[in-house]
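Hi everyone, thanks for coming. Please have a look at the structure on the screen, and I'll walk you through a few spots in it.

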Amino acid sequence: MMKSSQNSTSFSRRRFPSQFNQPTQTEIWAHRGFSSRFPENTLPAFEAALEIGVDGLELDIHRSKDGHIVVMHDYQVRRTTNASGYIFELTLDELKSLDAGQWKGRHFIGYEIPTLAEVLSLVSHWNSPVTLNIESKSGRITYPDLESDAWQLVKEYHMEHQTVLSSFNHLALQQFKQTCPDASVAPLYWEGLVDSWLYAERLGAPAVHPFKNAFNHEVVKACHQHGIRVHAFGVDDVRTARRLIAWGVDALITNHPDVLLGIQARP
Ligand code: G3P
Ligand code: CA
C-alpha cells in the first residue's frame, strides 16, 4: 500500500534519552526483507515485509562496476543468482539481467537485484513510516565513498530521519561521519564489546547493532542510560526474542518478522 502524504517519522526522534525509562515497544525489523519466505534483498521481499507491518527493513549495499549502488548481501552473485562473479566486476545492466529469485524457488523466477534507489522509492512511498537500516558492505572489498553516496541518495528521497547506516567496518563509519556528521550510524559486532555505549558515543552513533548473544541486560540498561539504542541482529527464535523484548531492546532484526510480530500485542 503506497502512502499519500510525506513521511513524518524520525529515526533519531523515535526515543530520546530521557524517554529510556519509559517502556516502549520493541520494533521488529525485517532482515534482508521478509527473507525467510522471499528471495532476500529483493523488492518483493521488502514489500512483503511492509505488508505485514514491520517497523523497519534491513538491507545490504555494494557498488557495481559502473558505480551504481545495488542491494545484495554477498560480494559475489553466485549464491543468490543464476550467474557468478563479483558485483564490482559487473555493470548495472549485467546485474539487472540476472535472476535473483529462482534460487529460492520456481515461483520467484524473474526477480531482479534492486538498486538502493529502487528500495528508497518503495519505502518513501509507503503509507506508514518505517526505519530503513542500510548496511554498508564496504570492507573486505573496499567501495570508496559508498556510505556518503548512499546517504546522498537517502537525502534525495527525504529519508535521512528514518535511516540508520550500519557496518562491521567501523573505520568506514567514522570516516563517513566526518563527511556527514548528522547521519545516524551504528556499529555492527558479533562478540561482546567493552563499554559499547562509550564506543557508540565516540563514533557519534545513536545505536549499536550487536549479535543477539553479544550483550546482556546490563549492557542494554547502560546503553539506555547514555541515550544509545540497541538493535540486535540474528534474532530468529521466539525464546530469544521474548528475552530481548523483556530487556527493552529497541529493535530485533530478524528473518522471521511474521513470527516476531505475532508474539507482541500491537496497538
Ligand atoms: O544487520 C545485521 C546483519 O545483517 C549483519 O550480518 O551478514 O546478515 O549482513 P549479515
Ligand atoms: Ca546485513
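**A helix and a metal site**

The buried residues of helix α7 pack against α6 (196–203), β7 (207–210), β8 (229–233) and α8 (238–247). Those buried residues are V219, V220, A222, C223 and H224, in a helix that spans 217–225. Buried means under 20% relative accessible area, with exposed over 50% and partly exposed in between, using a 1.4 Å probe and protein chains only. Helices are DSSP runs of H or I with at least four residues, and strands are runs of E with at least two, numbered from the N terminus.

A quick word on the ground rules: this is a predicted model, where local features need pLDDT of at least 70, side-chain atom pairs count only at pLDDT 80 or more, and totals for chains, interfaces and linings use all residues. Residues are numbered from 1 along each chain as written, chains are lettered from A and ligands numbered from 1 in written order, and side-chain values use heavy atoms, without hydrogens and water.

Back to α7: just after the helix, G227 has a positive phi of about 75 degrees.

Now, which residues are the protein donors of the calcium ion (ligand 2)? They are E58 (OE), D60 (OD) and E135 (OE), at 2.1 to 2.2 Å. Donors are N, O and S atoms within 2.8 Å of the metal, or 3.2 Å for Na, K and Ca; water is not among the atoms, so sites may look incomplete. Along the chain, the spacing reads E-x1-D-x74-E. E58 counts as buried because its relative accessibility is 4%, and D60 is buried too, at 0%.

Lastly, H62 sits in strand β2 (residues 56–63). H62 counts as buried because its relative accessibility is 0%.

Note on methods
Contact = heavy atoms within 4.5 Å.
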